[in-house]
Amino acid sequence: MHAVAQRGGWRTETMAGGLMVAPAVLTIVALFLVPIGYVLMLSVSDPSWSLEHYRRLFTVPLYANVMLGTFRTALIVTLACLILGYPLAYVMARRNDAVAVILLVAVGSSFWTGFIVRTYAWLVILGNKGPVAAAYAFAGWGQPPQLLFTSFSATLGMTHILLPYMVLALYGVMRKIDPSYLRAAESLGARPFAAFRRVFLPLSLPGVVNGSVLVFTMCLGFYITPILLGTPKDMMISQLISQQIEDLLAWGFASAIATVLLAATVFLLALYNRFAGLDRLWG
Amino acid sequence: MGRTGIGRRRWIKGAAACALAPALLPRTSRAQNKMLLVNTWGGSFEEAQRLAYYGPFTEKHGVEIRPVSPMSFAKLKAQVQSRNYEWDVSSTGVVEFSLAMHEGLLEPIDLAALARADVPQNLILGNGVANMSLATVLTYRKDKFPNGGPASWADFWDVKRFPGTRSLYDRSHTSLAFALLADGVALDRLYPLDIERGFRKLGEIKPHIKVWWKEGAQSQQLMRDGEVDIMGMWNARAQELIDRGVPLEIVWNGAENYMGFWFVPKGTPRAALAWEFIAFATQPERQAAFCSRLPYGPSDPRAFAHIAPEVARKMPTAPEHLRASFSPDAAWLVPNLARLRERWAQWMAT
């Protein structure tokens, strides 16, 4: 031990540095790499060593269709969250009055309400005894179109649940944009919209990216909301994984589906990294 | 350095021995605690089990029962694989039970314990003991059909004579059997299922199914709020709504009646106690006590001697209900289940 300490400072330093990152590395290995490795192994070893699960995944059309549908749904929900969330976050970040506080509390309380509760709330709101049906009856329009158990209601429910994540991601970045930049742009002759488009919007892009990746990846794993609000055509890939695990005890096949989902997600993030840079995620 | 190295190795060995010691001893020490972990759904189900089974068992055998919820079929496999047991006794429907047996996840039955308690042979199936029966029944809202509603699955399929919103359970073999009944197959000729014919008949009703329900609570919400007028739902869930004043009618004609089974996860250190508990809970009086609180049917007909007739009339195993219902053939289903569910999901998604 003494010998090591005497033999030059750089060595102790690297050792100390290594020791300092060791807990972080160990945590990542234990909590992420080991379970993912286990899932990968199960996908080729349960119930016996073979690539049969992957063959089935790519030959039975159901799995490719549901996988594509899942990515399409996640994309639509992400865009809807962005379109609804951006103006909201903008107002919250740019104002310093009671309105901003009220909006923040509203978004926060939605964020902290369980998603099962919010899903069941939509069943009531869009149901045939809910306020939408009542408004139709009041206006004398008769029966409203069927809103529940459609792709629309499933998308609506998921957008509602994920919107706070988008808003908070945008808000965090927008809050940090110095208002004097906009004033400077305007003093140099930019109209308000030009100042927004050429100064505020580019500066807020990290928030857009951050929120979109967050919402998109969370949406890929959605399960109960599309089951309760949607149609069988809105089936998400996690439903198929859950069915294999819970109903059929087919962990190998479930792992294979999960592996393909993971690979597709990583591929998308890599594509995105190639063109936009993942480091933007952290602001 | 050398000496300290050996010392450290010794120290590690000693520490490992200390850490392993409790793991090597649990059989004796835990048995002395006299405690049993029973898996349950929680809520009113657990309450009924507490009154009918846990309390009397503790009183008689001095064994503390700790309920563990919720029920999870996947957890059975996880427990057996990791040999880390969160519960020692559970129960499930015949199809899942048979699948678990097929996968080799269940502890062999303790025939001696069951014989001591005089459990009838016909309640024993492989590694489990029949405990109660559950049913999926045709139900409809009486306020939507004041002059009498559908009385059979053929009526469920008859959208002209019985207009109204419909819902079925998102479960392949249950819905296929109902379709085959609607198509004129006799109750005792359903299994093995004619899958092609079943899907053809299901295709007729598919556009009229407003929602395929997946969760018990969801099925109740749909019926209670009048979102759906006619539904194939679990009899216990329907009965619960009726007891709360929802105007529902249960049609037992063509009901799917399936037996539930007690089982013990393979390798649990408290297996002996678990079979003692199962033998106790299978007693006719105990079954009667449980089924009188919830509308499940006792597996042992001798239990009806302890059940009030008006309560017995709501049970899946009441003789007139049994005559009008069918049971899934688990022996045929288990090897076909994966293929069937895959085709089902495919059919649902298109």
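I noted the ground rules next. This is a predicted model, where local features need pLDDT of at least 70, side-chain atom pairs count only at pLDDT 80 or more, and totals for chains, interfaces and linings use all residues. Residues are numbered from 1 along each chain as its sequence is written, chains are lettered from A and ligands numbered from 1 in the order in which they are written, and side-chain values use heavy atoms, with hydrogens and water left out.

**Entry 1: chain A against chain B**

I looked up the salt bridges across this interface and found two. A salt bridge is a side-chain nitrogen of Lys or Arg within 4 Å of a carboxyl oxygen of Asp or Glu. I wrote down the one between the side chains of B:Lys77 and A:Asp46, at 4.0 Å from N to O.

Which helices of chain A each supply at least two residues of the side that touches chain B? They are H4 (61-94), H6 (115-126), H11 (224-229) and H12 (237-247). Helices here are DSSP runs (H or I, at least four residues), numbered from the N terminus. H12(A) gives the largest share of that side, with six residues.

I then sorted the side of chain A that touches chain B by class: 19 nonpolar, five polar and six charged residues. Ala, Val, Leu, Ile, Met, Phe, Trp, Tyr, Cys and Pro count as nonpolar, Asp, Glu, Lys and Arg as charged, and the others, Gly among them, as polar.

In all, 30 residues of chain A are in contact with 31 residues of chain B. Contact means heavy atoms within 4.5 Å. The two chains bury about 2,700 Å² between them, and 58% of it is on carbon and sulfur atoms. A:Phe149, A:Leu248 and A:Leu249 supply 22% of the area that chain A buries against chain B, more than any other three residues. Buried area is the accessible area (1.4 Å probe) that two parts lose on being put together, summed over both.

**Entry 2: inside chain A**

I looked up the domains of chain A: domain 1 (1-45) and domain 2 (61-280). Such bounds come from an automatic or database domain assignment. Their centres, taken over C-alpha atoms, are 36 Å apart. Five residues from domain 1 and seven residues from domain 2 make the contact.

The area buried between these domains of chain A is about 440 Å², with 77% from carbon and sulfur atoms. A:Val39, A:Leu42 and A:Ser43 supply 72% of what domain 1 buries against domain 2, more than any other three residues.

**Entry 3: inside chain B**

Chain B is assigned domain 1 (2-133 + 258-326) and domain 2 (136-256 + 336-349). Here 14 residues from domain 1 and 20 residues from domain 2 make the contact. They bury about 1,400 Å², and carbon and sulfur atoms give 65% of that. B:Tyr258, B:Ala324 and B:Phe326 supply 44% of the area that domain 1 of chain B buries against domain 2, more than any other three residues.

I found one salt bridge across this domain interface. I found five residue pairs in polar contact there, both at pLDDT 80 or more.

Is B:Ser172 buried or exposed? B:Ser172 has 1% relative accessibility, so I marked it as buried. Buried means under 20% relative accessible area (1.4 Å probe, protein chains only). B:Ser172 is found in helix H8 (residues 172-182) of chain B. Leaving aside neighbours within four places in sequence, B:Ser172 is in contact with B:Leu340, B:Arg341 and B:Trp344.

B:Thr174 is in helix H8 of chain B too. I marked B:Thr174 as buried because its relative accessible area is 0%. With neighbours within four places set aside, B:Thr174 is in contact with B:Thr136 and B:Glu256. The side chains of B:Thr174 and B:Glu256 are joined by a polar contact of 3.2 Å.

Methods
Buried < 20%, exposed > 50% of the residue type's maximum accessible area, 1.4 Å probe, protein only. Polar contact = N/O pair within 3.5 Å; in protein donor to acceptor, adjacent residues only side chain to side chain.
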